[in-house]
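Please look over the fold shown here.

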Amino acid sequence: VTSTVYGPVTSWRVGASLGIDLLFETSICSFNCIYCQLGDIQQKTAERKIYVPTDKVEWDLKNSAWEQADIITFSGNGEPTLALNLGEAIDL
């Protein structure tokens, strides 16, 4: 995978959903919930940092099919609130 942006995919709840993965590495989360769709979390941490530079996310978003999406979600390889640049990504 080379893009932090994926989709849009069809969601029965929200229509066409475009995903943005601000972690983009291995699965990263501060929890290891048994019901997690990612399975056993590979990197358990509560460290907030920039995992993906904001300019990479911006480039990926501009080069995606974002116009076809009804909604944009921050998800992917773990807990997006660990990304220090979540606010910057939301502003994009």
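## A buried loop threonine

Thr-45 counts as buried because its relative accessibility is 16%; buried means under 20% relative accessible area, exposed over 50%, and partly exposed in between, with a 1.4 Å probe and protein chains only. Thr-45 sits in the loop between β4 (43-44) and α1 (54-62). Helices (H or I, at least four residues) and strands (E, at least two) are DSSP runs, numbered from the N terminus. Leaving aside neighbours within four places in sequence, Thr-45 is in contact with Ile-28, Cys-29, Ser-30, Tyr-51 and Leu-82. Contact means heavy atoms within 4.5 Å.

This is a predicted model: local features need pLDDT of at least 70, side-chain atom pairs count only at pLDDT 80 or more, and totals for chains, interfaces and linings use all residues. Residues are numbered from 1 along each chain as its sequence is written, and side-chain values use heavy atoms, with hydrogens and water left out.

## The three-stranded sheet

Three strands form an open sheet in the order β1-β2-β5, with mixed pairing. β1 (5-11) and β5 (71-74) stand at the edges with a single partner strand each, so one side of each has no neighbour in the sheet. Direction ignored, neighbouring strands of this sheet are turned by 30° against each other on average. Axes here are lines fitted to C-alpha atoms, for helices over the stretch in contact, and angles run from 0 to 180 degrees between N-to-C directions.

β1 and β2 (residues 15-20) run antiparallel and are joined by five bridges. Two strands pair if DSSP finds at least two bridges between them. Thr-10 stands opposite Ala-16 in β2.

## The nonpolar core

The largest nonpolar core has 15 residues, of which Ile-20, Leu-22 and Tyr-51 touch the most other members. Such a core is a set of buried Ala, Val, Leu, Ile, Met, Phe, Trp, Tyr and Cys residues joined through side-chain atoms within 4.5 Å. β2, α1 and α2 (86-91) each supply at least two residues of this core. Beyond four places in sequence, the contacts of Ile-20 include Val-5, Val-57, Leu-61 and Ile-72.

Which residues of α1 are buried? They are Thr-54, Val-57, Asp-60 and Leu-61. Seen down the axis of α1, these buried residues fall within an arc of 125°, so they line one face of the helix. The arc is that of the directions from the helix axis to the C-beta atoms.

The cover over the buried residues of α1 includes β1, β2 and α2. On the other side of α1, Asp-55, Trp-59 and Lys-62 are exposed.
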